[in-house]
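Here are my notes on this model, as numbered points. Please read them with the structure open.

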Amino acid sequence: MTLDNKSITRKLKLIIQLMELHDENPFKIRSYQSAIYTIDQGAFSLEDLGREALQEIKGIGKSMAEVITSLKETQTSPVIEELLAKTPEGLLEVLQIKGLGPKKIKILWKDLNVTSTHELMEACQSGQVAKLKGFGERTQQGIIQAMEYNASNTGKWLYAEIEEVVEALRQDLEQKFGIGKVSITGDYARNMEILDHIELIIETADGKAVFDSINSISSLYQDLKTSSPDNWRGEIKDLNIKVLIHLTPPHSFVQENLLRTGSRAHLLSPVLEYPSLAGFFRSKPFESELLAYEEAGLSFIPAELREGHFEMRLAKEGKIPELLELDDLKGSLHNHSTYSDGKHSLKDMASYCKSLGYEYLGIADHSKSAFYAGGLDIETVIAQQQEIKLLNRELAPFRIFSGIESDILIDGSLDYPEDILASFDFIVASIHSSLGMNRQKATARLLTAIGNSYTTILGHPTGRLLLRRDGYPIDHKIIIDACAANDVVIEINANPWRLDLDWRWVNYALEQGVKLSINPDAHEKEAFSHMRYGVLVGRKGGLTREMTLNAFSADDLAAYFDRRKSLKVSPKT
Ligand SMILES: [Zn+2]
Ligand SMILES: [Zn+2]
């Protein structure tokens, strides 16, 4: 295999970046730039040109011809190898970040010891990057955004990022094949938080005609090599996300849906005299999914529960719960305003929340240690609480609950003296700093915060950012048990990048009697719409209305907060 023009210029660009990173001779760097320019402008294919022909081209020359030939033949060159040898591996990923040139990366590397995207994100999150000379708040924000962009380009997508496109595709297909003849299956149908492909089924008796029809949808691109007569394979062009469309005759439509929606673990569960649920589903056609589960001796299992975690046990006992609906939510807790790093004022946030039909807004701006996020000093806390009183009169019966997102300090303590902590209706305790802890330290830090009788809600328990960075490692069981013992609610942070608590732990929490709160962590009005993603993953863990704190009415919630505050329980862990 030889490299084409594009691949070669990509390598030459990498050489330039590395040279700049290592402060190489600008004259040498310029010769690479002019070679790239020449290749981009020239109507020739590097693949066809030998070394002699190459060095005759103006703008390339002898030594560059050498490099290009080496790249063509070996995919690499001594120049690249030499530069790579003195570059930390993780910096190559940092070099991919848009808008962050080698000169800035060099400063990050030398001054903050950043050698990977992971470390860079942490440095941004803690505000250290903004403080560097020549960087500032805006650059820091830009870096974060660019990193999000990169992460989303690795073939994996957040549910929230692709749902519109998937729904549009479903509608396009329904227009062609009829409503009820198209269904989305696979991970997407189970509301998985991260997706790397989309799977659909079309009910049809005529395969060939269907392919032509599918191919007439302009957003799709068919991969002829991997498609087969019953399976259209390709991708959604703009997103580069894989799409699989299975064709199935009418009599097996329900069966196919059942077999392609459940996870492997779900389908492998034994049922009746069958070694697996899949075997039972394959045994005969069914009229509906409901009847199929009934005939298997099970309650109907909603698609998002078909994970093989706990649903089969419950379905056998007829105890599949009625899952939380978005409409069950009566208000929104854990939100930010311009008092800290939010985009909209407290009044705007409250009025907007009211206009959405909610009964209350919980405001939980950042606490004083989060200086990089405009954390509130004590005077500002008092000022905000006074404004809340006024707004509560103005917006009644709508209510604003006064909260704070208190940083959990490195020793696990909360961020204000007791009298200030006592002045809030509720406290969301979250970790935002020193994220590079081991499991033992992180767990101990959280346990101390959970044991603090002022903690109402544990905020984003692992601090993860999906597709961007892993959370700090925690012992989920110990943390959830402690929340149960101390009557602390756990947040499902509904920001689609977080969805933290992970749904895989929701059922365990519920079994321990721990309530959950679906919090958008909104930093602007529009983010209230994120509550939906929290509901989607809460449902995956079997979350019900009864166990959701912000499904409480405003009065019930006020009573809950009062009771919670009056219980000066001695910390138990
Ligand atoms: Zn937070
Ligand atoms: Zn927050």
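1. A nonpolar core here means a set of buried Ala, Val, Leu, Ile, Met, Phe, Trp, Tyr and Cys residues joined through side-chain atoms within 4.5 Å. The model is a predicted one. Its largest nonpolar core has 95 residues. Leu173, Ile214 and Ile245 have the most contacts inside this core. Helix H11 gives the most to the core, with six residues.

2. Which residues does isoleucine 214 touch, leaving aside its neighbours within four places in sequence? The contacts are Leu173, Phe177, Ile202, Leu220, Trp232, Ile245 and Leu247. A second core is separate and holds 44 residues. Among them are Met64, Ala65, Leu95 and Met121.

3. Next, the sheet. Five strands form an open sheet in the order S2-S4-S7-S6-S5, and the pairing is mixed. Strands S2 (182-185) and S5 (220-222) are at the edges; each has a single partner strand, so one side of each lacks a neighbour in the sheet. On average, neighbouring strands are turned by 30 degrees against each other, direction ignored.

4. S2 and S4 (residues 197-203) run antiparallel and are joined by four bridges. Isoleucine 184 has leucine 200 in S4 as its bridge partner. Two helices can be checked against the sheet. Helix H11 (residues 159-177) packs on the sheet and touches S2, S4, S5, S6 (231-236) and S7 (241-248). The direction of H11 makes about 150 degrees with that of S2. Helix H14 (residues 253-261) also packs on the sheet, touching S2, S4 and S7. The direction of H14 makes about 170 degrees with that of S4.

5. Helix H25 (residues 531-540) is mostly covered, with nine of its 10 residues buried. The buried residues include Tyr533, Arg539 and Lys540. What do the buried residues of H25 pack against? Their partners are H11, strand S8 (331-335), strand S13 (489-493), helix H24 (506-511) and strand S14 (516-519). Glycine 542 follows H25 and has a positive phi, near 85 degrees.

6. Now the metals. The zinc ion (ligand 2) has His334 (NE2), His336 (NE2), Glu405 (OE) and Asp521 (OD) as protein donors, 2.1 to 2.2 Å from it. The spacing of these donor residues in sequence is H-x1-H-x68-E-x115-D. Why is the arrangement around the zinc ion (ligand 2) irregular? The four donor atoms subtend angles of 83 to 171 degrees. Four donors count as tetrahedral only if all angles lie between 85 and 135 degrees.

7. Histidine 460 sits in the loop between strand S12 (457-458) and helix H23 (476-486), 55 residues from glutamate 405 in strand S10. Histidine 460 is buried, at 1% relative accessible area.

8. Which residue bridges the zinc ion (ligand 1) and the zinc ion (ligand 2)? Glutamate 405 does, and the two ions lie 3.4 Å apart. Glutamate 405 is in strand S10 (residues 399-407) and aspartate 521 is in the loop between S14 and H25, so this pair ties together parts 116 residues apart in sequence. Glutamate 405 is buried, with a relative accessible area of 0%. Aspartate 521 also counts as buried, at 7% relative accessibility.

Notes
Residues numbered from 1 in each chain as written. Chains lettered and ligands numbered in written order. Predicted model: local features only at pLDDT ≥ 70, side-chain atom pairs only at ≥ 80, totals over all residues. Heavy atoms only, no water. Pairing = 2+ DSSP bridges. Axes fitted to C-alpha atoms, helices over the stretch in contact; angles between N-to-C directions. Contact = heavy atoms within 4.5 Å. Buried < 20%, exposed > 50% of the residue type's maximum accessible area, 1.4 Å probe, protein only. Donors = N, O, S within 2.8 Å, 3.2 Å for Na, K, Ca; no water. Tetrahedral: all angles 85-135°; square planar, octahedral: opposite > 155°, others 65-115°.
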